[in-house]
Amino acid sequence: MEKVNGTVKTEFFLLGFSDHSELQRLLFAVFFSIYSVTLMGNLGMILLITISSHLHTPMYFFLCILSFTDTCYSSVIAPKLLVDLVSGKKTISYNGCAAQFYFFISLVDTESFLLAAMAYDQYIAICNPLLYTVIMSKRICCQLAVGSFLGDTMSSIIHTTNTFHLTFCSKEINHFFCDVSPLFSLFCTDTYMYDIILVVFASLFEAFCLLTVLLSYVFIIAALLKISSADGRKKGFLTCASHLTVVTIYHGTLIFIYLRPGAGHSLHIDKVTSVFYTLIIPMLNPLIYSLRNKDVKNAFRKMIGRKLLS
């Protein structure tokens with residue numbers, strides 16, 4: 001166990017957003033509403049894909065896994081945040097902080113990998129439709145999904161070990177959860193080398209995921225531009241629009257927070273931005289994929305129709 005000023009450190013204090021009770025009640029109402037919509041949207045998407053046989057395709061398999069990941073990584077943050085806003089007791093144990101950090105990093109990396117896998121799936125579907133069922137077989141899809149969780153587990157172990165083996169000089173975390181930058185600011189030693197390790201490791205992983213997405217869409221756009229029918233091109237671009245929207249919002253936010261130089265960090269700005277990708281993006285993903293997807297909307301109508309007739 002790490003020590004602070006000669007005493008055993010068993011917990012951290014999360015400063016959160018504000019100590020004003022009126023603002024905390026307002027934030028609780030807002031975050032509770034967002035988290036409720038997140039759970040309903042993502043669990044509803046999982047249920048819809050599971051019971052709708054015509055959605056049993058690689059694209060919706062990955063979307064189902066993405067919804068599961070969004071549910072989990074939002075749940076790593078939101079319940080603790082809501083309890084802190086209600087109780088006012090903003091403490092988290094040392095082991096609890098390490099566990100939250102570990103699962104959060106692992107699930108964030110898993111989401112990045114899944115978005116890359118979904119881009120590759122789109123590429124195969126549009127550029128190699130005759131070989132689609134062969135290349136994107138059930139076995140390959142399962143291997144990609146399992147590989148994303150296992151690979152990102154290793155990444156999370158490295159980040160967690162790198163962070164929690166050092167001595168902390170303070171117990172006050174200027175954030176609403178145990179994130180990288182606010183924890184680094186508590187180190188008693190110079191964090192320059194650890195910042196470099198974090199940026200290099202995160203940059204390589206982001207580069208791999210974004211390069212997969214970029215190359216997939218370069219080939220997709222080239223294939224769509226060869227289609228003579230305007231309606232065909234429009235249909236193809238609309239098919240990719242939801243995924244591109246999610247990728248842009250998600251990776252843009254991560255790059256803004258984690259790949260800036262240490263001197264460019266403002267923890268107050270990071271807190272607001274973190275709300276966006278820990279709570280709002282998991283809520284938006286099922287909405288983005290359902291509102292612009294005819295297959296999902298038709299499956300939802302059929303499910304509601306069966307419920308009304310039963």
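**Pocket and aromatic pairs**

Reader: How much space lies in the largest pocket?
Author: In this predicted model, the largest pocket holds about 660 Å³ of space.

Reader: And which residues are closest to its centre?
Author: The lining of the largest pocket is made up of 21 residues, and those closest to the centre are Tyr60, Lys235, Thr239, Asn293 and Asp295.

Reader: Which elements give two or more residues to that lining?
Author: They are α2 (58-87), α3 (94-127), α8 (230-258), α9 (267-291) and α10 (294-309), and the largest share, 5 residues, comes from α8.

Reader: How do the lining residues divide into nonpolar, polar and charged?
Author: The lining of the largest pocket has 8 nonpolar residues, 7 polar ones and 6 charged ones.

Reader: Changing topic, how many aromatic pairs are there in the whole structure?
Author: A search of the whole structure gives 19 aromatic pairs.

Reader: Where do Tyr123 and Phe219 lie?
Author: Tyr123 belongs to helix α3 and Phe219 to helix α7 (residues 192-225), so the pair ties together parts that are 96 residues apart in sequence. Phe219 is partly exposed, with a relative accessible area of 47%.

Reader: What about Phe184 and Phe187, are they buried or exposed?
Author: Both Phe184 and Phe187 are buried, and they form a tilted aromatic pair, with 5.1 Å from centre to centre and 35 degrees between the planes.

Reader: Which residues do ring pairs link into a cluster?
Author: The cluster linked by ring pairs consists of Phe12, Tyr94, Phe101, Phe164, Phe168, Phe184 and Phe187.

Notes: Residues numbered from 1 in each chain as written. Predicted model: local features only at pLDDT ≥ 70, side-chain atom pairs only at ≥ 80, totals over all residues. Heavy atoms only, no water. 1 Å grid on protein atoms, 1.4 Å probe; cavity = no way out; pocket = protein on both sides within 12 Å on 5 of 7 lines; lining within 4 Å. Points joined across faces, edges and corners; volume = space filled by probe spheres on them. Helix = DSSP H or I, 4+ residues; strand = E, 2+ residues; numbered from the N terminus. Nonpolar A, V, L, I, M, F, W, Y, C, P; charged D, E, K, R; others polar. Phe/Tyr/Trp six-rings, centres within 6.5 Å; stacked < 30°, edge-to-face > 60°. Buried < 20%, exposed > 50% of the residue type's maximum accessible area, 1.4 Å probe, protein only.
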